[in-house]
Amino acid sequence: MAAAEKSRDENNREDWEERVIALRMERQHLTKPAGLEEYNVLYRDLSPGLNVYWHGFGEPPCLVYRAGFDDLEYNRERQRNRELVKGRFQKGNIGFIQEEDMELFAGLYRKPWKPDDTQELILALIDREGPLNIGLIKEMTGLLVKQITPALHKLQESFVLFEDQFDGEWDREWYRFEEMFPDVDVQHFTREEALKMVLPRFLFRYVGASVKNFRDFYGIPERELKAAAEELTAGGQFVQKDGIYYLAADFDLLQKQERTPFRKILVLHRNDCLVRCEEHHLKQEYKSDGMDILQYLLIDGKIRGAVLGHFKYGPYIMEDVCVRLPENEAEARKMEIMEAIYEINGREEPIRRYMGLPV
């Protein structure tokens, strides 16, 4: 009897996971690519948007596989029109958000400004001379680029300066933030208020998430994320089960409605939303001495593999494909997996090994 109950519990857990994955893939528009209006909301919910990992300089962000149109060019145009703006958000990383969300992300990520002498000097220069690029700052102050750049980044993280990257050029100017965004109040939202706004957006797209998933995606301390999630749970907006949070409406939906399981293999770059949410274990799980993790393999809605090798401009060197599937399934799906990898990377550089064995 105990064995039968255990088997039933395992089947129930697997069925629940399948439903969560299927809804997640639908909400991520990996089941059906998004049209323009759907894409704008999707991009907002998954912001800050990041570039494709190991991208060409000046490329705008994009949501690979998710758009029913060329979203690289669409976001390039939005950048050019300053509808999509650059900032330093998660742990100082570069990201792109929609201009109308500037106050929200200032509340979420703005760091207190504690200026040092270099920052004060640069700021006074920009106040006097107007927008300047790094080359002119170097020429006017005698500072080295290695002194200027981190000072600018600190001022950017504090929402004191804004780097106007509206195209792919190297020569970008730095402005006083309030000059570019005079109507934006960077103190409008507290961190707590901002978290209670972005977490439901994120959870709508990810469906079921742990605090670690939140932390990996937003780069904010777990204690703050947990406090916000627990407050949303107490208010009835979230439901928490076994350490996983769901929107209350989704928790009800998942219990009532069966979904078609997601059966597809997709190759994800390292800045993809679904990868970022699992960083707490992926880097260690697929770590291999002497090789980089080039991409991850989303197999039937879960990350179950990685392409290992070496980054370079042009086709990557694909040394090995590591798959976390039962051995018979890994072999049965070998050609399907390799075709998915070639579809993204091309065939100029062949895959050298599969599961450690020469191809």
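Good morning. The model is a predicted one: local features need pLDDT of at least 70, side-chain atom pairs count only at pLDDT 80 or more, and totals for chains, interfaces and linings use all residues. Residues are numbered from 1 along each chain as its sequence is written, and side-chain values use heavy atoms, with hydrogens and water left out.

Let's begin with the core. A nonpolar core here is a set of buried Ala, Val, Leu, Ile, Met, Phe, Trp, Tyr and Cys residues joined through side-chain atoms within 4.5 Å. Buried means under 20% relative accessible area, exposed means over 50%, and partly exposed is in between, using a 1.4 Å probe and protein chains only. The largest core has 66 residues. Which of them touch the most other members? They are Leu 108, Phe 214 and Tyr 218. Helix α9, residues 191-206, gives the most to this core, with seven residues. Helices are DSSP runs of H or I, at least four residues, and strands are runs of E, at least two, numbered from the N terminus.

Look at Leu 108. Contact means heavy atoms within 4.5 Å. Setting aside neighbours within four places in sequence, Leu 108 is in contact with Arg 191, Ala 194, Leu 195, Val 198, Tyr 218 and Ile 220. Another core lies apart from the largest one. That other core has 20 residues, among them Ile 299, Val 307, Leu 325 and Ile 351. In general, nonpolar side chains in soluble globular proteins tend to be buried together.

Next, Ile 148. Find this residue in helix α7, residues 145-157. Is Ile 148 buried or exposed? Its relative accessibility is 0%, so Ile 148 counts as buried. Beyond neighbours within four places in sequence, Ile 148 is in contact with Ile 122, Ile 134, Ile 137, Lys 138 and Leu 143.

Now the sheet. Three strands make an open sheet in the order β5-β7-β6, with antiparallel pairing. The edge strands are β5 (208-209) and β6 (238-241), and each pairs on one side only. Two strands pair if DSSP finds at least two bridges between them. β5 and β7 (residues 244-247) pair over two bridges. Ala 209 has Tyr 245 in β7 as its bridge partner.

Last, the salt bridges. A salt bridge is a side-chain nitrogen of Lys or Arg within 4 Å of a carboxyl oxygen of Asp or Glu. How many are there in the whole structure? The search finds 34.

Take Lys 212 and Glu 222. Their side chains meet in a salt bridge at 3.9 Å, N to O. Lys 212 lies in helix α10 (residues 211-218) and Glu 222 in helix α11 (residues 222-234), so the pair ties together parts that are 10 residues apart in sequence. Lys 212 is partly exposed at 37%, and Glu 222 is partly exposed at 27%. Both belong to a network of salt bridges that links Lys 212, Arg 215, Asp 216 and Glu 222.

Glu 230 and Lys 226 form another salt bridge, with the closest N and O atoms 3.8 Å apart. Both lie in helix α11, four residues apart, about one turn of the helix.

Finally, Glu 339 and Arg 347. Their closest N and O atoms are 2.7 Å apart in a salt bridge. Glu 339 is partly exposed at 38%, while Arg 347 counts as exposed at 51%. Thank you.
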